[in-house]
Amino acid sequence: MSDVTKPRASVPEALQQWREAERAVAVARRGKLAAQNAAAAAEEAVEAATATADAAKTALKAATLAETSAAKTAAAARVLVESTRVDLADADAESALADVDEAEAHARYRDASDRASENQRP
């Protein structure tokens, strides 16, 4: 219907229509604002999720590097342990040989001392 054929509303009816239109506009604006806020929150959630994924990737990379470093350190420690065990075995052997040499030297001294004592007897 065009404005020409449309019946004209009375003042109270026009006022009622205007109030209903204002309420509809207010509801629509609140809905639009809520939708904008929801869209902004969703964008922030995407950014946060992306940042979390990036952090997880970085943490995984760091953990992998730490694991590699720990494995290398453990391997070096094993080499050091083996080397130290060999050094300890060598030191034990040298100590045992030194004990034998000292005992033999002590025995030679005792023999020499005994001979010297016998030679001094009248």
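These are my notebook entries on a predicted model of one protein chain.

**Entry 1, overall form.** I began with the secondary structure and found that the protein chain has one helix and zero strands. I then looked up the radius of gyration, which is 50 Å, whereas the globule rule gives 14 Å for 122 residues, so the chain is more spread out than a compact globule. The C-alpha trace, taken along its principal axes, spans about 165 × 25 × 10 Å.

**Entry 2, surface and burial.** I asked what share of the 122 residues is buried, and the value came back as 0%.

I looked up the charged side chains next and noted 16 positive and 21 negative ones in the protein chain, the centres of the two sets lying 19 Å apart.

How many salt bridges does a search of the whole structure find? The search gives one, and it joins R85 to E82, with 3.2 Å between the closest N and O atoms. I placed both partners in helix α1, which covers residues 11-120, and noted that R85 and E82 are three residues apart there, or about one turn of the helix.

Note on methods:
Residues are numbered from 1 along each chain as its sequence is written. This is a predicted model: local features need pLDDT of at least 70, side-chain atom pairs count only at pLDDT 80 or more; totals for chains, interfaces and linings use all residues. Side-chain values use heavy atoms; hydrogens and water are left out. A salt bridge is a side-chain nitrogen of Lys or Arg within 4 Å of a carboxyl oxygen of Asp or Glu. Helices (H or I, at least four residues) and strands (E, at least two) are DSSP runs, numbered from the N terminus. The radius of gyration is taken over C-alpha atoms; the globule rule is 2.2 Å times the number of residues to the power 0.38. Buried means under 20% relative accessible area, exposed over 50%, partly exposed in between (1.4 Å probe, protein chains only). Lys and Arg count as positive and Asp and Glu as negative; His and the chain ends are not counted. The place of a charge is taken as NZ of Lys, CZ of Arg, CG of Asp or CD of Glu.
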